[in-house]
Amino acid sequence: MCGIVGFFDKTGSGNAPIGKIMLRMLEALCRRGPDSAGVALYGPATNDALVLNVKVGEHGDFREKGLQLAEKIRHFARVHQASVLGEYLRLRLEWDQGVRQLQKQIEALSEGVEVVSLGKQLEIIKQVGSPDALNHTYGIDSFVGHHALGHTRMSTESKVDLSHSQPFWAHGIADLASVHNGHITNYHKLRRQYEQRDIRFYTENDSEIIGVFLADQMEHGMDLKDALKASLRTFDGSYSYLAASANTLAYAKDRFAYKPLVIGETDEFVALATEEVAIRAAFPNETISTREAPANYSHTWSVPQEVAVNY
Amino acid sequence: MKKASIDCRGKTTREINVQIRDFIADHATEIEILSPAARHNLGVATIEPVKMVFDGSVGYFCGGMIDGPEILVRGSAGWGLGETMMGGTIVVEGNAGNGAGAAIRNGTVVVRGHAAARAGISMKGGLLMIGGSVGYMSGFMMQKGTLIVCGDAAEGLADSMYLGTVYIGGKFESLGHDTEVSEPTDEDWKFLRENLSRFELPCDRPFRKIVAGRRLWNFDKKDFDIWKAVL
Amino acid sequence: MESSPVVRPVLRRSSVWREDIIEDIHGKAQLGRYQYRGFSTLRGRPMPSFDDLVFIPASLTRVPLEGYREDCSTRTILGTRFAKKPIELETPIMVTGMSFGALSLNAKVALAKAATAVGTSTSTGDGGMLPEERENSRILIYEVLPSRYGTNVHHLKSANGIELAIGQGAKPGTGGVLLGAKVSDKIAEMRDLPPGVDQRSPCRHPDWMGPDDMVAKIEELREATDWQVPIFVKMGATRVYDDVKLAAKSGADVVVVDGMEGGTGASPDILIDHTGIPTLAAVCEARAALEDIRLYGVVQLIIAGGIRTGADAAKALALGADAVYLGTAALIALNCNRPIYIEDYHKLGTEPHACHHCHTGRCPVGITTQDPELTARLPIDEAAERVTNFFHALTSEIQMLARACGKADVHDLEPEDLRALTLESSMITGVPLVGTRYPFGGGPGWQREETGAPQG
């Protein structure tokens, strides 16, 4: 159980202080989710390079491990930039084959390596601990961009560690990420169906199934909007979740309205949060009217894409 | 007439509530609470007839377990507005989250905007009026009391009620189990007009009345078509 | 062979198609729905229980305390985490929540008087606070349940503790039931229901869902009571390890876990016997959960569900509980299943020592009924005295076991004072199997985060 937040700049300027906004919103929801904090930040897209955040391992000298990893990756991808911050190796590289192929090759390089996010604009940064600690390590408050998702976690049934924290990148689709509040009760059944098709899961966290589902639907030709609608018919249990792609922010809510989701919208932006207190914390001086999202419903906000994205 | 004011900025919920209590002990009759910023549990369990004006949005359980106060919220409210209240009046100018008026035993709750899912759930008395629309499963298991919805309702309206009454001015996506829909009587119209006009809510909607069909009050295996959905 | 005398054949009975199963099917064929009943689990198969453990008292390695002369403290304090006024009890045995509605007025008042005499608490149960219970019970815990029947802020403010009930051991995941025969005029008025309806309460709270929302709900109860009294969170024993962590993280002072042996006034039969895990396993999971988030000893743990004797209570304490709730045992002390008014047991189709017909409202001894004539069979003061005697007996049993183990305080009983008689109980509790020094299978078997043990 958790707190989820989202922000979308309707003006499309690419200059919104999304880092600061996410931090203020997440701090307000800490009590709902004291275990971990994470953000999915969508910055401006520059050229065709992909940005990857790679978890380098469970323990040890992350800096050393990260740099070694970067060296190995240079053998099969054109790496423009590599740096280690906290537990992550951040890469900017060029790759013209499939996303899943790149991920597989990187993760095969060493035990405990996981591609936490991949995209032209998406960067996921998450860890065990508070939003404040997240900012302290990763300097989130200086990020600017288009839109963002955030999550504070209170673990229900699975482990408390970086990999099990959210947001989750929908492995296989660049720039697709999700945050979830609730508990999907047919997760095990759905997971077994996907595993029969050799789709890999990285955690035992039920929230992971959302990205897997959306990615699978989209790889079979659906757009995000329809994939969200399909999820309402597929997932059982409680969920309010947000999903985002390079130019879209979306939400979906279960049919029994189990988990809260408040929407605050102006002409300039949309802010979504599990509790209104997060919206007020980030925008104390704005006159925003807020409402609860309706049950059994999904909705998307988009701006025209800046850069054509080829998956 | 003694007024007091609290600025919530930089204060915890506890500090604000203690301040409210101190003002009441000091015989304040009206307290204005500025910048509540959607905090939860503001003014809960207040049992004195004081007026509290929240200049902004409130979080969960605002007016929860009160018996006597008059509360005005100049913004929106979160979940459980007025839950289990025993008396008093709450008016929210914006929208309300899930469970508005949940389990209230008496008193009046008014939401001028929209309420979300399960408005009026388990009401045991009192009056809940919504100027806009209500969400999924509103009026669920109402034992007594009245829910007036000026706008529309989502699925599952007035499910499994005992002696609650729902008046709906707009459309409903679907009814709950065991309902009976009828036209309001002259008495009903009088009741509607009196209460709606008291709070300047629209009286001119084509209200319909919904009460329980009473088929779910005692099990009878001949009614299994309806029981199988609820057992 | 043809002319031999008739010999009665040996009857071969199926262990699958048992008599009670056959009768159950016949019953459903008439009824058209599941059957309701009261009392505790009636499972035929033995389950892991406290009976699978024994104490290993002091002999040479430790010194026992002299009974009667050397004090063994039974003082129990609950709610030290956040409450200004924790609850102080003279014994670790408490009376669990049983509603006025499920029980008669006389039963409720007798339990209240007994609890006060013994220095312990009672609980309102589902349905609100009876003025007579508040008058007679020195320490009264106020239950806030999904139904919110009779919930009254003034009563709440007068309570010594608030218990936010999520579920109970007999029927976790479902709501309360009171069949029409017991919804008398008085009960109906207290619960705001039409008299005579088959009351089915909701299974969820109306105004919050999930442990993340519960953070705000617990805060609300604290604000309502000015942070004075402890807030308990009560759950049926299902995913105990996860649930206890969540309840503690959400701000509870005390966590209550009710095992599958927990009793009920009325519940679908199938729920009582096929949901929830045994109390023995529940207490071990609960303790491990609190230890893993470093709140063991900060958040207190109350265990319930089939506590019958001082041995059960002492074992629960040794395994990690701070106190135990009694329900069925307290009712039996009142007179439940006593061999008196035997014809009335027969009228219900049962007999003393086998009666589980609380749901009918025709309790032959006046405990689980609203009928005035039946209620009169339970004069309050005599009944209170019986329960007082029983609680004193249990308390001295716990003390005796603790003294024998060399403890001057019953809360100093530890898992190391126990041995397991079976492989299963050793695995479940982590207590060594008798004759060995090792727990069989390295139990407890649920996921322990630090050790990275296999998922439970």
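This is a predicted model: local features need pLDDT of at least 70, side-chain atom pairs count only at pLDDT 80 or more; totals for chains, interfaces and linings use all residues.
Let me start with one pair of strands. In chain A, strand β4, residues 78-85, and strand β5 pair in the antiparallel sense over seven bridges. One of those pairings puts S83(A) across from R90(A) of β5(A). The two strands form a hairpin, with two residues between them. In that turn, G86(A) has a positive phi of about 60 degrees.

The predictor gives the complex an ipTM of 0.94 and a pTM of 0.92.

Now chain A as a whole. It has eight helices and 16 strands. The C-alpha trace spans about 50 × 45 × 35 Å along its principal axes. Why can we call the overall size of chain A consistent with a compact globule? Because a compact globule of 311 residues would have a radius of gyration near 19 Å, and chain A has 18 Å, which agrees. Of the 311 residues in chain A, 53% are buried. Contacts within the chain also reach across the sequence: among those between residues at least 6 apart, 72% join residues at least 24 apart.

Next, where chain A meets chain B. How many residues are in contact? There are 15 from chain A and 18 from chain B. On the chain A side, the elements that give two or more residues are α8, residues 276-282, and β15, residues 289-292. By class, that side of chain A has eight nonpolar, two polar and five charged residues.

Chain C also touches chain B. That contact takes 25 residues from chain C and 38 residues from chain B. On the chain C side, α4, residues 153-157, and α6 are the elements that give two or more residues. The largest share, five residues, comes from α6(C). The chain C side divides into 11 nonpolar, five polar and nine charged residues.

Since α6(C) has come up, a few words on that helix. It runs over residues 211-224 of chain C, which makes 14 residues. From the first C-alpha to the last, α6(C) reaches 19 Å, close to the 20 Å expected at 1.5 Å a residue. How many of the residues of α6(C) are buried? The count is 14 of 14, so to speak a helix that is mostly covered. Just after α6(C), D226(C) takes a positive phi of about 55 degrees.

Last, confidence in chain C. The mean pLDDT of chain C is 92, and 96% of its residues reach 70 or more. There is a stretch to treat separately: over residues 445-456 of chain C, pLDDT stays under 50. For that stretch the model has 17 contacts beyond four places in sequence.

That is what I have for today.

Conventions:
Residues are numbered from 1 along each chain as its sequence is written. Chains are lettered from A and ligands numbered from 1 in the order in which they are written. Two residues are in contact if their C-beta atoms, placed from the backbone, lie within 7 Å. Helices (H or I, at least four residues) and strands (E, at least two) are DSSP runs, numbered from the N terminus. Ala, Val, Leu, Ile, Met, Phe, Trp, Tyr, Cys and Pro count as nonpolar, Asp, Glu, Lys and Arg as charged, and the others, Gly among them, as polar. Two strands pair if DSSP finds at least two bridges between them. The expected span of a helix is 1.5 Å times one less than its number of residues. A residue is buried if 20 or more other C-beta atoms lie within 10 Å of its own, exposed if 12 or fewer, and partly exposed in between; C-beta atoms are placed from the backbone. The radius of gyration is taken over C-alpha atoms; the globule rule is 2.2 Å times the number of residues to the power 0.38. pLDDT is the predictor's confidence in each residue, from 0 to 100.
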